[in-house]
Amino acid sequence: MNYFAHAIRYLDRPYFMAGLAVPDWLSVVDRKSRVRSRKILAERPGLSGDEAELADGIQKHLDDDQWFHSTPGFYSVTGAIGTRFRETLDEEDEWRCGFLGHIVMELLLDAILIEDYPRLLDEYYVIMRNVNPGRVQTLVNKLATQEPARLNEFIPLYLNERFLADYVDDSRMLFRINQVMKRVLLNPLPERTTEVLAFGRSIVRKNLLSLLPEEKFGLLRF
């Protein structure tokens, strides 16, 4: 799952929300740094207050990813989007199109929730500004496989950029996806792939309840 889908249920817990975002933040600022359940569980008894909330948020992200990536909806939707990328790009690179199917599905899932609950996006950014980036950096230094570089500098940039708002528009989403492609050293996608995003947007919405089953995610009422 991605930023907004993780956070939408916990808007009253800023440090927990920050923890939910930490694995994704690390993928941007330092791909060699990871957070693992074993380290979190070892450190958790000595934490309290905001630090405990942050650690619990990270663990919740890891737990949610476990069930989310095993749902029937995840396999069917990512497969359909990956296939459409392969057809549109006319290429045989199974790995790249599979990668695109995965990340685009997660971005579109955020987009659908933002479309349905637009006021909560503004609330998310307002609440996240209550988080002290330095405190986040200090705790993640303890919990990660190695200390991530400049996480405390990245968090204000993340909040100021508000890139989640771009996900509701296919062209702006393509721009954001191409930023990811550059970061992982893959070729940028051409403008015609906005057709794939429009297709993906439709099937993500149709499969929303299979991607976010009630028994795991809860009712989609906020």
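Predicted model: local features only at pLDDT ≥ 70, side-chain atom pairs only at ≥ 80, totals over all residues.
Local features were kept only at pLDDT of at least 70 and side-chain atom pairs only at pLDDT 80 or more, while totals for chains, interfaces and linings use all residues. Residues are numbered from 1 along each chain as its sequence is written, and side-chain values rest on heavy atoms, with hydrogens and water left out.

Salt bridges come up first. Side chains of opposite charge can pair when their charged atoms come close. With a salt bridge taken as a side-chain nitrogen of Lys or Arg within 4 Å of a carboxyl oxygen of Asp or Glu, the structure holds 16 of them. One of these pairs E115 with R201, with 3.5 Å between the closest N and O atoms. E115 sits in helix α6 (residues 94-116) and R201 in helix α11 (residues 194-206), so this bridge ties together parts 86 residues apart in sequence. Helices here are DSSP runs of H or I with at least four residues, and strands are runs of E with at least two, numbered from the N terminus.

R201 also meets D170 in a salt bridge, at 2.7 Å from N to O. Since D170 belongs to helix α10 and R201 to helix α11, the pair links parts that are 31 residues apart in sequence. Burial was sorted by relative accessible area (buried under 20%, exposed over 50%, partly exposed in between; 1.4 Å probe, protein chains only). On that scale R201 is buried at 12%, whereas D170 is partly exposed at 21% and E115 partly exposed at 33%.

Another bridge joins D166 and R176, whose closest N and O atoms are 2.7 Å apart. D166 lies in the loop between α9 (151-161) and α10, and R176 in helix α10, so the pair ties together parts 10 residues apart in sequence. Both D166 and R176 are buried.

Helix α10 (residues 170-183) also carries R183, which is partly exposed at 32% relative accessibility. R183 gathers with R31, R34 and R36 in a surface patch of positive charge. Such patches take residues with over 30% relative accessible area and no salt bridge, joining like charges within 9 Å and nonpolar side chains (Val, Leu, Ile, Met, Phe, Trp, Tyr) within 5 Å.

Lastly, K216 is found in helix α13 (residues 214-217) and is partly exposed at 46%.

Technical notes
Areas by Shrake-Rupley, 256 points an atom, 1.4 Å probe, with all protein chains shown as cover. Lys, Arg positive; Asp, Glu negative; His and termini not counted. Charge placed at Lys NZ, Arg CZ, Asp CG, Glu CD.
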